2 protein chains.
Amino acid sequence: MPVYTAPVRDTRFVLDQVIGLDRYANLPGFENATPDTVEAVLTEGGRFVAEVLFPLNQTGDREGCTRNADGTVTTPTGFKDAYRQFVEAGWPTLSGPTEYGGQGLPHVVMTAFEEFLCSANMAFQMYPGLTAGATAAILAKGSDAQKALYVPKMVSGEWGGTMNLTEPQCGTDLGLIKTKAEPQPDGSYRITGTKIFISAGEHDLTDNIIHLVLAKVTGAPDNVKGISLFIVPKVLVNDDGSLGERNAVTCGSIEHKMGIHGNSTCVMNYDGATGFLVGEENKGLAAMFIMMNAARLGVGLQGLGIGEVAYQNAVAYAGDRRQGRALTGPAEPEQKADTLFVHPDVRRMLMEAKAMTEGLRALCLWGALLVDLTHKAPTPEEREQADALVSLLTPVIKGFGTDMGYRIATDAQQVYGGHGYIAEWGMEQYVRDARIAMIYEGTNGVQAMDLVGRKLPAKGGAAIQAFFAMVGEEIAAAKGGPQAPLAESLEATLGELQGATIWLMQNGFANPNHAGAGAVPYMHLMGIVVLGLMWLRMGVAAQRQLDTGEGDRAFLEAKLTTARFFADRIAPRALSLRRELEGGADALMALPPAAFAAAA
Amino acid sequence: MPVYTAPVRDTRFVLDQVIGLDRYANLPGFENATPDTVEAVLTEGGRFVAEVLFPLNQTGDREGCTRNADGTVTTPTGFKDAYRQFVEAGWPTLSGPTEYGGQGLPHVVMTAFEEFLCSANMAFQMYPGLTAGATAAILAKGSDAQKALYVPKMVSGEWGGTMNLTEPQCGTDLGLIKTKAEPQPDGSYRITGTKIFISAGEHDLTDNIIHLVLAKVTGAPDNVKGISLFIVPKVLVNDDGSLGERNAVTCGSIEHKMGIHGNSTCVMNYDGATGFLVGEENKGLAAMFIMMNAARLGVGLQGLGIGEVAYQNAVAYAGDRRQGRALTGPAEPEQKADTLFVHPDVRRMLMEAKAMTEGLRALCLWGALLVDLTHKAPTPEEREQADALVSLLTPVIKGFGTDMGYRIATDAQQVYGGHGYIAEWGMEQYVRDARIAMIYEGTNGVQAMDLVGRKLPAKGGAAIQAFFAMVGEEIAAAKGGPQAPLAESLEATLGELQGATIWLMQNGFANPNHAGAGAVPYMHLMGIVVLGLMWLRMGVAAQRQLDTGEGDRAFLEAKLTTARFFADRIAPRALSLRRELEGGADALMALPPAAFAAAA
């Protein structure tokens with residue numbers, strides 16, 4: 001049976017020593033994030049997910065969701081009761097705005113807790129995760145009346161929420177949306193169309209589900225400029241907040257998927273359902289992108305969360321399983337065999353997982369802090385800087401983070417040998433669950449194109465130049481100190497990224513296919529640099545604590561060793577990624593489609 | 001619904017133009033492999049697997065195998081009838097020895113057909129695949145009487161066969177085997193113990209199953225030197241070949257696995273079952289390795305087979321699905337969107353899959369030819385050379401081939417976006433099925449250790465030196481010709497491999513953990529070099545045909561483009577792999593196991 005312990009110590013190290021949460025105590029919301037509060041959230045939250053949600057992870061996978069003949073959906077055994085406990089304990093409210101019943105804690109604290117949720121039960125986490133995304137969109141673009149009517153019960157978790165973008169003919173290319181919205185005399189709209197892949201589209205956890213739906217208003221342009229965003233409650237809400245009539249939206253079926261079986265992935269049929277415009281007509285895409293950006297950071301966190309729990313189990317197995325002998329001679333001659341820990345190739349996978357998960361944790365929490373600063377930093381300049389940086393990092397956190405999550409889960413499964421392929425051990429579920437994170441909220445290829453095609457050139461490359469300057473400064477600062485080798489390694493990978501950036505600028509404008517062909521290698525190259533930066537920061541922080549004698553010495557020394565492992569064995573990948581990118585699009589785009597067909 | 005066409009044209013190109021099968025026509029068995037016969041095998045075989053076995057792939061996955069209360073196992077609907085057709089058409093007999101009812105065709109021809117089998121239905125293919133492995137072991141080490149009694153019905157497919165190595169406490173480390181063999185007065189042995197993960201251990205396809213079982217004879221050393229190999233028929237066979245009593249071997253349960261659901265993975269209980277020694281007591285491991293080596297090449301072929309069918313489907317989807325526009329402007333302005341083919345990142349995945357599958361096909365067929373030459377080359381020197389080379393290549397074909405198979409399947413699934421995650425499209429099954437090939441027959445980490453720890457140092461490094469010399473000669477020969485850029489690319493990657501080899505020699509002896517830590521990067525680096533060699537050979541062959549005006553011009557030009565893609569975008573990975581290897585074992589092995597544990 002799988003095991004999971006929320007990595008509170010490591011999270012605290014990042015929050016306290018790397019990010020320095022106390023430096024932001026003067027910002028709104030942060031004043032509540034006292035060390036004691038954060039400690040309580042992480043410790044109690046970690047315990048809750050481990051005790052209540054984690055035991056439902058494997059059973060939820062095995063049982064899956066069931067669509068009943070009447071169109072209702074039953075979640076796996078235990079989910080409903082766990083959700084009730086989740087709501088009663090107030091977990092959904094952590095970072096919700098206080099004016100709508102939230103606790104107003106910083107996003108970065110919520111993010112730390114969210115990682116634990118993802119590790120413990122990703123399929124479960126998606127229910128409140130989608131609600132939070134829908135809430136964010138209403139908060140950003142909804143009217144005051146809409147906020148007052150819907151947000152409090154979404155913040156509390158009493159109601160759920162969803163995002164409805166995809167249709168059978170339209171995924172990435174939202175201009176192809178066919179769902180129609182006909183204006184009604186009372187100001188509402190009649191929504192008609194079919195949406196697919198709607199996570200948490202129908203379930204038995206809440207009395208109501210607030211669907212956010214993209215549709216085209218009658219007469220609107222039939223492209224991305226004609227998309228509007230609507231609130232379509234499953235059950236219409238009376239002005240006093242009580243539930244009214246059942247709306248004309250139903251779950252037509254649920255999908256049979258590779259993983260995340262505990263989450264209901266629905267085909268949603270809108271048959272003249274009553275919808276309420278959010279913001280202005282034809283401005284729906286911008287509103288949806290508010291949800292999408294938050295959601296993308298959340299999906300990156302899923303990569304980390306699954307990677308972490310898979311890694312923890314591989315560690316447990318490596319310590320239990322005895323097989324073969326150390327190459328340097330028996331480590332425990334009195335036993336019939338040594339543990340898997342003696343084998344360098346097992347270590348390779350465990351160290352890579354350790355370096356990646358700890359690096360991604362630092363990255364995700366930094367990204368979350370930047371989201372906070374985007375709204376709360378004292379000056380407009382600081383807010384803009386944070387926004388530019390997190391916009392640049394978002395596709396990396398999502399794309400690189402989930403690619404690594406899948407890799408870690410696959411490696412962790414590999415540590416188990418044949419047992420990793422057997423369902424009862426739980427490892428193969430992590431691989432199946434991790435896989436979706438590379439696909440939804442924009443495939444990782446779409447993330448890479450967002451990075452290379454939108455984020456890099458934005459404002460004349462201001463964000464990437466600011467990023468280069470920041471990394472360069474941190475390298476310079478560390479070069480004179482004991483972590484100079486980490487700084488030098490980062491300097492080398494930064495050089496590769498800068499070279500690749502120049503190559504893209506020189507070649508991508510002339511032939512945009514060069515940019516498209518280099519997008520994924522660039523995203524991974526940037527991932528290596530960003531994680532190198534995290535490891536430099538963690539190395540410097542660990543060294544500082546070691547020097548002052550605070551903290552757990554073994555933990556801090558392991559940080560330095562892992563930082564060195566990253567520099568020795570992961571950072572070199574930057575070299576090849578740049579070369580692959582510089583291989584360009586010529587051979588890649590040359591063949592006619594017919595040349596790909598097999599001939600008998 | 002997935003599609004599959006056996007890639008006969010490409011197989012013919014490799015056999016005829018790259019390997020030059022006609023040059024071996026004077027060898028035993030090859031005289032029968034006339035162009036017409038090979039064409040018939042590939043065309044008819046491709047048709048058979050596509051029409052009979054491929055339609056059962058998805059249903060077999062969904063239905064899985066069932067263990068009945070009486071211990072029998074029922075294969076998925078249609079498997080039994082398909083197996084009957086498979087046997088009646090004589091497919092199992094292709095490369096079986098003529099003296100036991102086989103057709104005596106070269107292994108390389110059988111291998112070409114096996115790839116199609118793996119693509120069409122890997123779970124099905126494993127039943128005859130295991131039988132062939134068991135047959136090979138009896139042929140190599142069994143007595144004449146054993147061969148006469150068992151082999152004809154195994155070659156025909158009337159009986160099945162299995163390999164029984166793994167036990168609950170013992171996978172890679174076979175010294176830990178507990179299964180006992182007590183000698184009986186009649187020369188037989190009573191076999192008692194539990195074997196797990198036995199593929200095709202029990203099923204309803206054949207009247208009998210010939211289990212090959214590793215066990216320790218009473219009093220034998222309790223380590224790898226005390227392992228013997230036994231034939232344990234499910235049903236005892238009378239001297240006249242008729243079936244006798246049911247033996248005391250039963251299927252205790254079947255595993256619930258990530259994939260290959262159509263194959264029964266059994267816990268086998270031997271309760272004093274009657275077994276017959278194969279070869280000598282305590283020499284079982286050597287006999288089993290004969291099976292293992294053949295099986296490892298076969299598993300590499302599974303990586304290719306799954307990669308190929310996944311790739312074919314990604315190509316089909318990319319042509320059907322319209323989403324977005326080419327970065328260079330609409331390719332088909334009259335349509336609402338362009339096909340996925342216009343997107344460079346989709347191309348990146350398709351071209352990588354094309355370069356990898358075609359490269360692996362050339363490699364697997366070359367490896368199979370070397371197996372033939374090991375037995376059939378005219379001089380002892382040539383036989384030895386072939387043996388040394390295929391021994392070196394086997395872990396690469398298995399380890400690199402299956403890692404790439406999984407990568408291709410994952411990428412092919414990615415091309416489908418969200419639809420790739422939905423079971424009915426069939427893509428997620430390919431990922432799940434491909435995953436096992438990285439684990440069984442020795443995990444890919446074990447393959448890498450076999451390469452670095454055994455194959456490299458064997459005979460003072462003779463095999464790798466011979467390989468370097470051979471590659472160097474082919475580079476030199478091509479450098480003056482039109483494929484010089486391919487030769488130069490290969491020269492660069494060969495340089496990285498040679499550098500890595502020297503590093504291993506200089507550091508691996510002093511500290512074997514350096515060798516262990518570098519094993520997987522080395523295996524992948526060698527994979528890149530070997531595939532580069534295949535692409536040089538294919539490029540030269542395609543150019544030759546283009547120059548003489550024979551062959552399909554578009555097909556040959558696509559070969560040259562794909563070769564260039566390999567050189568531009570895949571070969572550069574050699575750089576990082578060498579650096580990762582040279583990162584060594586210091587940081588990798590430094591942490592105490594406790595440092596890996598998460599702390600709340």
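1. Copies are superposed by least squares on the C-alpha atoms of residues with pLDDT of at least 70 in both. Here pLDDT is the predictor's confidence in each residue, from 0 to 100. On that basis, a rotation of 180° with 0.0 Å of shift along its axis places chain B on chain A, with an RMSD of 0.0 Å. That is the relation of a two-fold axis. In chain B, the C-alpha nearest the axis belongs to B:Ser576, 2.8 Å away from it.

2. A word on the basis. This is a predicted model: local features need pLDDT of at least 70, side-chain atom pairs count only at pLDDT 80 or more, and totals for chains, interfaces and linings use all residues. Residues are numbered from 1 along each chain as its sequence is written, chains are lettered from A and ligands numbered from 1 in the order written, and side-chain values use heavy atoms, leaving out hydrogens and water.

3. Next, confidence. Chain A averages a pLDDT of 97, and 100% of the residues score at least 70. The model scores ipTM 0.98 and pTM 0.98.

4. How do the copies meet? Of the interface residues of chain B, 100% are also interface residues in chain A, so the copies meet through the same surface. Contact means heavy atoms within 4.5 Å.

5. Now a helix pair within chain B. Helices (H or I, at least four residues) and strands (E, at least two) are DSSP runs, numbered from the N terminus. The axes of H9 (residues 344–376) and H15 (residues 512–548) of chain B come within 9 Å and cross at roughly 90°. Axes are lines fitted to C-alpha atoms, for helices over the stretch in contact, with angles from 0 to 180 degrees between N-to-C directions. H9(B) and H15(B) are therefore roughly perpendicular (65 to 115 degrees). Residues in the contact include B:Trp366 of H9(B) and B:Trp535 of H15(B).

6. Aromatic rings also deserve a look. The whole structure holds 33 aromatic pairs over all chains. Rings of Phe, Tyr and Trp (its six-membered ring) pair if their centres lie within 6.5 Å; planes under 30 degrees apart are stacked, over 60 edge-to-face and the rest tilted. A:Phe341 and B:Phe596 form a tilted pair, 5.3 Å centre to centre with 40° between the planes. A:Phe341 lies in the loop between H8 (284–320) and H9 (344–376) of chain A and B:Phe596 in the segment after H18 (586–590) of chain B, so the pair joins two chains.

Definitions and conventions: Parallel < 35°, antiparallel > 145°, perpendicular 65-115°, else oblique.
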